[in-house]
Amino acid sequence: MGEAERGESAPRLRISFWCSNGHETQPSFASDAQVPETWDCPRCGFPAGQDEDNPPAPPRTEPYKTHLAYVRERRSDADGEAILAEALAKLRGEI
């Protein structure tokens with residue numbers, strides 16, 4: 001059982017990829033397979049490229065924003081005051 005029954009494995013190539021942290025990973029690919037431009041580093045998760053001297057830049061992550069932060073981007077303080085005054089007037093029965 002095992003290799004004898006499965007036949008011969010396809011010829012493989014080991015390609016080196018380096019991330020911006022200097023980690024090297026060497027996944028193996030079938031010799032006739034298309035090798036991707038980048039590969040995710042298994043140690044840090046950054047993208048890794050085949051050029052050791054010029055690895056891909058790590059992705060830029062945006063900080064978490066609350067709903068209120070998004071609202072403040074769209075509305076000025078004057079708009080907020082006007083909306084609040086209108087809502088309070090409705091609650092008081094003035095409109």
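Two residues are taken to be in contact when their heavy atoms lie within 4.5 Å. The structure described here is a predicted model.

By this criterion, and leaving aside neighbours within four places in sequence, His 23 is in contact with Phe 17, Trp 18, Cys 41, Arg 43 and Cys 44. His 23 is located in the loop that joins β2 (17–19) to β3 (24–25). The relative accessibility of His 23 is 16%, and because buried means under 20% relative accessible area, the residue is assigned to the buried class.

Glu 24 belongs to strand β3. With a relative accessible area of 43%, Glu 24 is partly exposed. This residue is also a member of a surface patch of negative charge, in which Glu 24 is gathered with Asp 51, Glu 52 and Asp 53.

Three salt bridges are present in the structure. One of these joins the side chains of Lys 65 and Glu 73, with an N to O distance of 2.4 Å. The two partners fall into separate accessibility classes: Lys 65, at 30% relative accessibility, counts as partly exposed, whereas Glu 73, at 52%, counts as exposed.

Another salt bridge pairs the side chains of Arg 60 and Glu 62, for which the N to O distance is 3.0 Å. Arg 60 has a relative accessibility of 72% and is classed as exposed. Glu 62 is likewise exposed, at 55% relative accessibility.

A further salt bridge is formed between Lys 90 and Glu 86, whose closest N and O atoms are 3.8 Å apart. A salt bridge requires a side-chain nitrogen of Lys or Arg within 4 Å of a carboxyl oxygen of Asp or Glu, and the Lys 90 to Glu 86 distance of 3.8 Å is therefore counted under this limit. Both residues lie in helix α3 (residues 77–92); because they are four residues apart in that helix, Lys 90 and Glu 86 are separated by about one helical turn. Lys 90 is exposed, with a relative accessible area of 52%, while Glu 86 is partly exposed at 43% relative accessibility.

Helix α3 also contains Leu 84. The relative accessible area of Leu 84 is 46%, and the residue is partly exposed. Together with Leu 88 and Leu 91, Leu 84 forms a nonpolar patch on the surface, and the accessible area of these residues together is about 300 Å².

Ile 95 is situated in the segment after α3. At 69% relative accessibility, Ile 95 is classed as exposed. Not counting residues up to four places away in sequence, Ile 95 touches Glu 86, Ala 89 and Lys 90. Among these contacts are the two partners of the salt bridge between Lys 90 and Glu 86.

His 23 and Ile 95 can be set side by side. His 23 is buried, at 16% relative accessibility, and is placed in the loop between β2 and β3. Ile 95 is exposed, at 69%, and is placed in the segment after α3.

Definitions and conventions
Residues are numbered from 1 along each chain as its sequence is written. This is a predicted model: local features need pLDDT of at least 70, side-chain atom pairs count only at pLDDT 80 or more; totals for chains, interfaces and linings use all residues. Side-chain values use heavy atoms; hydrogens and water are left out. Helices (H or I, at least four residues) and strands (E, at least two) are DSSP runs, numbered from the N terminus. Buried means under 20% relative accessible area, exposed over 50%, partly exposed in between (1.4 Å probe, protein chains only). Patches are made of residues with over 30% relative accessible area and no salt bridge: like charges are joined within 9 Å, nonpolar side chains (Val, Leu, Ile, Met, Phe, Trp, Tyr) within 5 Å. Accessible areas come from the Shrake-Rupley method with a 1.4 Å probe; for residues, only the protein chains shown count as cover. Lys and Arg count as positive and Asp and Glu as negative; His and the chain ends are not counted. The place of a charge is taken as NZ of Lys, CZ of Arg, CG of Asp or CD of Glu.
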